[in-house]
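I opened this notebook to record what I looked up, step by step.

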Amino acid sequence: MEAIHMKGVPYNMYIMCGDIRTVEFNSEFEYEILNEKLAPLYILNRGNIRRWIEERAADGARANTRAVKGYQRISKTAGDYQTAMKVNAAVITDNFWVSDCDSLAYEDVVFRKNEYWRLALMRDISDLPEIPSRTPELSNIGSEEKGWKPAADGWWLYKNQKPNENLSEYITSRIGMALGFDMAEYYLEAGGSLIKTRDFTAGRYNLQHIDCIMTDHYENGVEIPDDDYLYNYRKLTELSEDIAADYINICICDALCENFDRHTKNYGLLTDRRTGEIISLAPNYDNNNSLLANRGLDINRNSGVMRYFTEFAAKNNIPVTVPDIEAKALEDIIAEAGRGSEYEFDREFLKEFILNGIERLRQI
């Protein structure tokens with residue numbers, strides 16, 4: 001991508017990958033690509049640096065995010081750019097960040113602790129530091145209250161969602177795993193009022209949300225949204241047949257579990273932090289808007305996400321393979337979920353709902 005210049009406005013900021021400068025830009029957000037292999041895919045494909053930084057900020061609409069801002073001594077109404085830049089636009093799930101001086105190194109901005117995770121998760125104000133310390137909660141995106149907790153085996157993301165959403169996310173994760181799909185693994189805690197998952201980037205990969213390559217656009221005068229099935233499938237096929245196949249597995253899981261909220265910020269690519277190489281699609285994550293988060297589930301599986309996906313797959317001859325799952329294995333998943341959550345639900349209905357969904361998918 002060509003650099004964008006403006007006379008008289010010097011470059012003085014950098015988007016870093018670890019300690020390597022990848023993009024140089026100025027206060028007007030004109031930029032020059034310095035390292036195409038390691039630069040964020042969003043910048044390479046979309047070029048909007050300010051937007052890239054803003055999208056790394058925690059959602060200011062979350063009440064607990066505003067509480068974190070207050071304790072960080074920044075305005076609760078501070079915009080996304082100011083919020084993200086408070087921590088140099090660093091996040092847990094990649095090693096990109098913004099440098100505005102030569103003295104900073106990645107060691108200075110990488111997160112090693114988080115004294116605000118309870119505040120961000122459930123507005124627990126105990127054990128807060130007197131002096132503000134760097135926290136990933138200023139860059140913990142998404143609409144649900146959540147918090148990053150460091151542990152000996154890596155970072156864990158805790159989410160404080162509605163009990164039916166936690167339960168649905170847990171069951172969807174376990175069903176996907178039983179089908180052999182690549183899933184982020186979730187665990188219920190506190191009677192199902194909380195749910196957690198380990199950071200699957202593990203300090204080795206960068207999670208780059210799929211909006212880094214997908215955009216709303218027009219084709220032959222027709223508006224195509226960025227999450228359109230066929231558009232995403234074709235675009236990913238250009239990257240890799242395996243990546244495209246894994247995308248279809250995500251779509252199968254969405255249809256099977258009626259996840260209506262798949263969008264370009266909740267699935268993505270894993271890239272190597274050292275080389276920038278695209279490794280794979282990220283494990284399937286963010287499935288809280290599935291199963292019991294819906295009302296009016298159709299036991300016959302002729303509506304909703306299932307209908308949209310099966311119509312797309314049949315019309316475009318997309319190969320759909322649904323592995324076997326025994327009724328007993330499904331019963332065990334549902335029973336285990338019931339033991340981990342105080343939320344009451346019809347277990348037999350949910351079992352039949354899933355089994356009927358598998359049969360519906362096999363009719364494509």
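**Basis.** I am working with a predicted model, in which local features need pLDDT of at least 70 and side-chain atom pairs count only at pLDDT 80 or more, while totals for chains, interfaces and linings use all residues. I number residues from 1 along each chain as its sequence is written, and side-chain values use heavy atoms, with hydrogens and water left out.

I looked up an open sheet of 4 strands and found the order 5-6-8-7 with antiparallel pairing; strands are DSSP runs of E of at least two residues, helices runs of H or I of at least four, numbered from the N terminus, and two strands pair if DSSP finds at least two bridges between them. Strand 5 (145–151) and strand 7 (186–189) are the edges, and because each has a single partner strand, one side of each is left without a neighbour in the sheet. Neighbouring strands are turned by 25° against each other on average, direction ignored, where axes are lines fitted to C-alpha atoms (for helices over the stretch in contact) and angles run from 0 to 180 degrees between N-to-C directions. I noted 7 bridges between strand 5 and strand 6 (residues 154–160), which run antiparallel, and Glu145 has Asn160 in strand 6 as its bridge partner. Helix 7 (residues 163–178) packs on this sheet, touching strand 6, strand 7 and strand 8, and its direction makes about 145° with that of strand 7; contact here means heavy atoms within 4.5 Å.

**Arg198.** I then turned to Arg198, which is found in strand 8 (residues 194–198). Arg198 counts as partly exposed because its relative accessibility is 38%, the class between buried (under 20%) and exposed (over 50%), with a 1.4 Å probe and protein chains only. Leaving aside residues up to four places away in sequence, Arg198 touches Asp153, Trp155, Trp156 and Glu185.

**Spaces.** How much space lies in the largest cavity? I recorded about 40 Å³, and strand 9 (205–209) and strand 12 (268–272) each supply at least two residues of its lining. The largest pocket has a volume of about 950 Å³ and is lined by 48 residues, of which Ile141, Gly142, His209, Lys265 and Asp286 lie nearest its centre. Strand 9 gives the most to the lining of this pocket, with 3 residues. For both searches I used a 1 Å grid over the protein atoms alone: a cavity is a set of points where a 1.4 Å probe fits but cannot get out, a pocket is an open set with protein on both sides within 12 Å along at least five of seven lines, and lining residues have an atom within 4 Å of a point. Grid points are joined across faces, edges and corners, and a volume is the space filled by probe spheres set on the points.
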